[in-house]
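Here is a short note to read beside the structure. Please keep the view open while going through the points.

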Amino acid sequence: MRCRRCGFENPHGMRFCGGCGAPLREGVTPAGSADAEGAAQRRHMTVLFCDLVASTPLAERLDPEDFREVLAAYQRACALAIERLDGYPARYIGDAVVAYFGYPRAHEDDAQRAVHAALGILEELGELNASLKQRQVSLDVRIGVHSGVVVAGEMGTGAMPPQHEIVGEMPHIAARIESIAPHGSVVISGQTHDFIEGYFETEPLGEKSLKGVSRPIAVHRVLRPTGAVGRLEVATGRPLTPVVGRDDELARLARAWERARQGEGGVLDRLQAGEVRLEGLDDAARGVGLEADEGARLLADLLSIDQGGQPATHLSPRDARIATLRILQSLLVANRAHHPLMLVVEDLQWADPTTMELLDRIVANVDGVAALCVMTFRKELDPPWKDHGPVLEIELGPLSSQEVQTMVAAASETAHNPDVVAWVDSASDGVPLFVEEMLKMLKLGGGARTPLASTGAPGVPPTLEGLLTERLDRLPDLGDVIDVASVVGREFERELLEVLDPLHGAELEPALALLVHQGILRPVAGARSRFEFTHALLQEAAYERLLRRRRRALHGRVADTLTQRFPTVADRAPEIVAHHFSCAEEPAKATEYWRAAGTRALERAAFREAAEHFRRGLEELDDSPSGPHQARECADLLTYRAAALQAAYGYASAGVDEAYAAARSTYERAGNDDRLVVVIRGQWMFHLLRGQYGTALESADDMVTLGQRGEHPFALAEGHLYRGLVHMYLGEFELARRHLEEAFTHYRRPERPDQIYDAQGDTGVGALAYNAVVLWNVGYPEESLRRSDLSLELAEQVGGQVTRAQAWGMRTILHLNRAEPAELSRWVELSRAHSVEHNIGYWRILSALFSGWLRGRAGELRAGSKEIEESLDAYTRSGCTLGLPHFCVLLADLRLAAGDPRGALEVLEVGRRHIEDTGERFSESELFRFMGRALLEGPEPDGDAATTAYQKAVEASRSQGAKLLWLRAATELTVYQRKIGARSTELAELSSLCEWFGDSDVLDVTRARALLAAQEPVR
């Protein structure tokens, strides 16, 4: 086959030209022409212009043959993405690729295809760069897309074979748009944007003046596809009250569903609960390292199915909880056998923390999955994911009077009396549910039974509670059953209701059948022995009508019944029993079960849930009669709650200090050193993370004193760990090293570590992990890595989710210091996934912060900077300031890369003030080094100020004995002095430092040696 670009004759079957690498196309003929030769047409089409960034330096660096291979691979990657969308790779101009969409073959969505192809090129380059990594080559492109009218046809004269060409200004504009595009991005014109709006998320960049174009052109940056395809399909297989006045809301919901389906056709089948639970269970269980039968037993335990005394799993409680959540997540949204899938969760305001955690996982992973999760909740709930990318919030306002009347008319086979319609309108207050329930009541009881029959005026309060209470009152013979059921909860077991005997010996089955027939209750799908109120508000209305005395008595009966007749429920879910004892106003019993619930939640690493349970226990304890052990019980609950808050929300969370202080005074009066260890540990963490180093050091000294008494040898190790970390952040690295090594020398893991110890992290792992960073700073890179390896090994041996997060997080920081991007990326993702999975607040924020820096360094400067800024906001909102200068340096680095030296200096100034205010000097040298860089950037560089900043960086690291930081700062200062022709002041120190490091291959040492080798003699 003859190549239309270079004329080379290729063997049959080749896809790419052996002469120039261009794609070989067969049978491509312009629409409307049987003979492409000489056929020219006016075409509305879209042109994609893609150009390599920094190809000239790459060509200079590579051998011509190697560069040709790289260029051919790049062209093949582009052609693959273009041809996948049936575009035409028309021209290869050096390292630029020009593609046509709409000629020679046209489609109704060519603009969309062009933008999809542009994003596809970026994806293909990502894979290509991975294969080119061994050559130390990384390709980056800019892409411009423009739509318009051209004259298209085959052109060529003489020996030049004819080619598909277009004539007009449109391709030139596409090329000019490409020239202003940021690296690694797709920029489109306003004309193209008009065709793709709604199918892609875009960012307006304003109007730009393009070289050679007489008018400004509006341009937009493409971010990602929205997933929207075709027109909406809305169908239902159930008879429903007609929906009125919700056209806009339904349209938005339908669009979200269509996006979730990602263009997959067909009819969505209604899956029964049993089918969803079993299909894909094998894969879901294997995904968490379990066999299918173990996964089934976990779900059976969750659903309270009797397993004949067989344990659900060999896993620990916390690992079983995580495994259950992951299995549920896999079954609900990750199992593609069920896609497209719509998951509906009603009345989220009543969800427990674990349910919220499951939904949090689903929301975090639903983007790009063929699933839509629809959740309903009241306004008082503030869901944590409301600002998440794939979340769409739709507020449902009241209907107008006309819409209510339309709904009434549409739902009824016969016309209602106008007075009845007016009553429905007035009493419903425009809430569709009110209207629906009133219409049900009218249908069951007849219009004559409305209050209008006797009074002639609306008699129902305009509240749903009043409406539903009236409906419930129409079943007086079943009032006791409804009362007891409402106290048990929205959902209940038939067996429990039968034991509570609301009918006093009469048969319960007919009563339940009648309540189901009347629409009060319904069987729970997939669990025939369970019932639920048809709406949560029905249960709430039934509950609210109970007298307080009767309510308390019923709660007491339920609590006693659960503890005496259903002990497995009380053991598995003590929070349920605690709730009933609280409502029964039996605070002593409630306190016992709230503490058990909190302890159980800590075992499962459900830290937020644990904190709430302990809070409820403290409330009940306040209402309990005074007793000899009440002060100790209060101190224990305060300690457990503070530890749970620290693990869930951050070590410096609000309320933690007060709780520990109150507990400490109690333990000190009682002479209880065992509990004092726990409290001092928590207080030290709080003050350290708040940057209160003097107070933190006092806590460290208190712990050492406890350890020296001889009764708590492990406390001595903890005290030295605390001292070591304080000295580390104060920049006193030699002292830090000494104490951290002392900590590991005295380290003995407690024989029976409690839940609080696990929630705060293992001492030995912490001593090794932090000492690794200290050893790096003071110039022992190999020993540093060995200590880090030991910390990882020990973390796996002792277990504990917080301990692992600590070891992995500090390994992340070590690779950041060592400038090892691949390893850094791996540990960031590992740390982030782990801390998110187990809700470990501190490391969750820090791993997100490092992830943002990596993202920015990969080219997504705006997105990476935003992620760091959001992480820093979350970090400081949690009360933490520890390490703030270091995080400011990371953000400043991205701002410098984005060409914003002023913004970099602003954030570095925040870090500098923190150093002055707190005395934290851990990152002082790095901060001044980056300040020197920033002062040299921009339109008005300040060389004198930059020199001063570099000198401060050198002096800070020198005074701290931080040899690697010293080497790094001195190297950068010397490079700058050499650049401006000034006398190099640090050559002697650089030489001495390089000799000290010997033959180390650490990047900083290698750079310093290279600089010394190229440096002229000192003048």
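1. A term to begin with: helices are DSSP runs of H or I with at least four residues, numbered from the N terminus. Please note also that this is a predicted model.

2. Start at Arg664. This residue sits in helix H27, which covers residues 656–670. Is Arg664 buried or exposed? Arg664 is buried, because its relative accessible area is 16% and the cut-off for buried is under 20%.

3. Which residues does Arg664 touch, leaving aside neighbours within four places in sequence? Its contacts are Leu676, Val679, Ile680, Gln683 and Asp702.

4. Now go to Leu359. Helix H11, residues 353–365, holds this residue. The relative accessible area of Leu359 is 3%, so Leu359 is buried.

5. Look at what surrounds Leu359. With neighbours within four places in sequence set aside, Leu359 is in contact with Val345, Leu348, Cys373, Met375 and Trp385. Take Val345 from that list. In sequence, Val345 and Leu359 are 14 residues apart. In space, their C-alpha atoms are 9.2 Å apart.

6. Finish with Val243. It lies in the loop between strand E8 (217–225) and helix H6 (247–261). Why does Val243 count as exposed? Val243 counts as exposed because its relative accessibility is 52%, and exposed means over 50%.

7. Val243 also belongs to a nonpolar patch on the surface. Leu250 and Leu253 are the other members. Together, Val243, Leu250 and Leu253 have about 230 Å² of accessible area.

Methods:
Residues numbered from 1 in each chain as written. Predicted model: local features only at pLDDT ≥ 70, side-chain atom pairs only at ≥ 80, totals over all residues. Heavy atoms only, no water. Helix = DSSP H or I, 4+ residues; strand = E, 2+ residues; numbered from the N terminus. Buried < 20%, exposed > 50% of the residue type's maximum accessible area, 1.4 Å probe, protein only. Contact = heavy atoms within 4.5 Å. Patch = residues over 30% accessible without salt bridge, like charges linked within 9 Å, V, L, I, M, F, W, Y side chains within 5 Å. Areas by Shrake-Rupley, 256 points an atom, 1.4 Å probe, with all protein chains shown as cover. Salt bridge = Lys/Arg side-chain N within 4 Å of Asp/Glu carboxyl O.
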